[in-house]
There are 2 protein chains.
Amino acid sequence: MSEASKVEKVIIVGSGPAGWTAAIYAARADLNPLVFAGRPKRDPETIMPGGQLMLTTDVENYPGFPEGITGPAMMSRFEQQGVRFGTRIVTDDGFNPDVSNPDDGHSYSYHDCRRVDLSQRPFVVYGEDDTEYRTHALIIATGATANWLGLENEGRLARSGGGVSACAVCDGALPTFRNKELAVVGGGDSAVEEASYLTKFASKVYMIHRRDELRASKIMAQRAMDNPKMEILWNKIVIDVLGDDMISGVKLKDTKTGDESTLPLGGLFLGIGHTPATAFLEGQLELDEKGYIKLKDPYRAHTSVEGVFGAGDCVDKVYRQAITAAGMGCKAAIDAEHWLSEKGLA
Amino acid sequence: MSEASKVEKVIIVGSGPAGWTAAIYAARADLNPLVFAGRPKRDPETIMPGGQLMLTTDVENYPGFPEGITGPAMMSRFEQQGVRFGTRIVTDDGFNPDVSNPDDGHSYSYHDCRRVDLSQRPFVVYGEDDTEYRTHALIIATGATANWLGLENEGRLARSGGGVSACAVCDGALPTFRNKELAVVGGGDSAVEEASYLTKFASKVYMIHRRDELRASKIMAQRAMDNPKMEILWNKIVIDVLGDDMISGVKLKDTKTGDESTLPLGGLFLGIGHTPATAFLEGQLELDEKGYIKLKDPYRAHTSVEGVFGAGDCVDKVYRQAITAAGMGCKAAIDAEHWLSEKGLA
């Protein structure tokens, strides 16, 4: 365990756009970063290697790829770039980076990190089997997962690009949704924003809401109700998603009467929030009421614990884009480097 | 002038990573953005199409390009992506986008914007020949330029990748600088940070400073003086940069004695600050003492004038990376879209 007992300059937890960008910058700053990329298993408490983009077929809005690129191919490029400059990744076979092949998906031998101890310095990061790693600086880029209804057909069509999505800004402009009847599930501000955004492309947008009033702010709710392209279906829940390769509609149930009905649709968007993967930090790092990491200065990457930096969707409840997450990963690495340098630890 | 007299939803000024990313996101949100890309003439008051990356030979740290990419090729890809989704660019030939060829540099027919009137709504944006454009929302992404000494050989070697740079974080890790003797010109915090960063790669780093004490904060100055790889050359100015294809050294002059000397070098970094291209906004938009645009909430893109959003190096005095600028461009477009939507103008 000689590798594990040495003190790292920086450990990065997470391997989405924020994690790999932090790795690229940290590696180029000669910090020899070590990455816990996660385990490819989808539950809210596990970090998935590559992050949410691994579930995204076409990325059209990450600048630099005018023809678009698939999410997995993009994350593979990020990873290769991090490894090229000296990033090490914790895997079943030690620290040998096992850069994944975009054609066959991500490596399954990466390790997750589920526990840290920030009360000691250097910090202790526990790998799988509770192996202890020590590090002066820590970058948390564990991301968030969209909340889903948990229906089998919903997951299947979301993974295959079959017209089910949790991000209107990412996917709304895709040709498949143009002039179709779409629906957004939810009733909060972000659901209304997503629905209002989709009216640009759709012939009609339904909001499917389980209650009889919106949780959204008054001005947002009024705008939704005034929009001629929008119709709110009150007291309805989605109990199934219909369609083989492409969504054809949803099955609804009325929460008051119990009546079931079918709504034909060309696309379904989830607007029921996100869960940041920060449960393992609770009590050690300042989080907001929804679990997002709080930054000391929202322009920077410093958290409430000196030497711990946050980046990406585990910090961001506003934008949640690959490009914004990558920008934050860069900030985290630069802030970490300056901090290490100031402390004489770089 | 029917095109010019109609009211745009959003005009974007600037065409670096922030400007094009804002264009990509605004275009995908069906806002049909109009871009003033600038004029390819280097003076602090002119915006250069493509921004500072047009002077960068190798970009190795923009995530997604593991093999690296040239600055001009990268900006051409950004631009193509913006145009693909419907961005219009003001050119000599009207709004016909004239997407540049990375092989022959950027188009020279783009228009600059040197004057805006934010006291009227819709805002008035003046094109070349004072043509008036009206817009509900405005995104400022005019960037900043590094301050240079203004020496002919300095500019020549900077443009050709000959070992002269204004960004240690961007270029310090390039193989050409490994184990070489390097120098940083300047005496402020960022000069000391750059010099300290370069000691990771260099065999030695000189700081060339015109005064007999550093302007940097005490802790930074002390760290510089304690670093065995760093040596401060007091009371010296650079009067020439030597070398044909690659820098071989600099000619120094002592500000007290007037003595001239030659210092052999493998690389020269400028650390004498940046000038944000915001002079045309003075008095209309809140700027800080150095001319950077102040954001209302540093996490978002809203400025002191509702409907005006800021992104990229004209806002950022900390990071100044392509990836951070692009992230801010995305934020500006999303914030602009939400604002337009709230006001019923989208």
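These are my notebook entries on a predicted model with chains A and B.

**Entry 1: the two copies**

I began by asking how chain A can be laid on chain B. A turn of 180 degrees with a shift of 0.0 Å along the axis does it, and the RMSD is 0.0 Å. That is the relation of a two-fold axis. A reminder to myself: two copies of a chain are related by a rotation about an axis and a shift along it.

Next I looked up the interface. Of the interface residues of chain A, 100% are also interface residues in chain B, so the copies meet through the same surface.

**Entry 2: a sheet in chain A**

I then traced an open sheet of five strands in chain A, and wrote down its order as β8-β15-β9-β10-β11, with parallel pairing. Which strands are at the edges? They are β8 (164-165) and β11 (230-233) of chain A, and each of them pairs on one side only.

I picked one pairing to follow by eye. Strand β9 of chain A (residues 181-185) runs parallel to strand β10 of chain A (residues 204-208), and five bridges join them.

**Entry 3: cysteines**

How many disulfides does a search of the whole structure find? The count is two over all chains.

In chain A, the disulfide is between A:Cys167 and A:Cys170, with sulfur atoms 2.1 Å apart. The link is right-handed, with 70 degrees about the S-S bond.

B:Cys167 is buried, at 15% relative accessibility.

A:Cys113 is in no disulfide: the nearest cysteine sulfur belongs to A:Cys314 and is 12 Å away. A:Cys113 is buried, with a relative accessible area of 1%.

**Entry 4: aromatic rings**

My search of the whole structure gave 16 aromatic pairs over all chains. One of them is A:Phe36 with A:Tyr133, an edge-to-face pair with 5.2 Å centre to centre and 85 degrees between the planes. A:Phe36 lies in strand β2 of chain A (residues 34-36) and A:Tyr133 in strand β6 of chain A (residues 132-140), so the pair ties together parts that are 97 residues apart in sequence. Both count as buried: A:Phe36 has 0% relative accessibility, and A:Tyr133 has 8%.

I turned to chain B and found B:Phe36 and B:Tyr133 paired edge-to-face, at 5.2 Å and 85 degrees. Both B:Phe36 and B:Tyr133 are buried.

Last, I followed a cluster linked by ring pairs: A:Tyr62, A:Phe65, A:Phe78, B:Tyr62, B:Phe65 and B:Phe78.

Notes
Residues numbered from 1 in each chain as written. Chains lettered and ligands numbered in written order. Predicted model: local features only at pLDDT ≥ 70, side-chain atom pairs only at ≥ 80, totals over all residues. Heavy atoms only, no water. Pairing = 2+ DSSP bridges. Helix = DSSP H or I, 4+ residues; strand = E, 2+ residues; numbered from the N terminus. Least-squares fit on C-alpha atoms with pLDDT ≥ 70 in both. Contact = heavy atoms within 4.5 Å. Disulfide = S-S within 2.5 Å. Buried < 20%, exposed > 50% of the residue type's maximum accessible area, 1.4 Å probe, protein only. Phe/Tyr/Trp six-rings, centres within 6.5 Å; stacked < 30°, edge-to-face > 60°.
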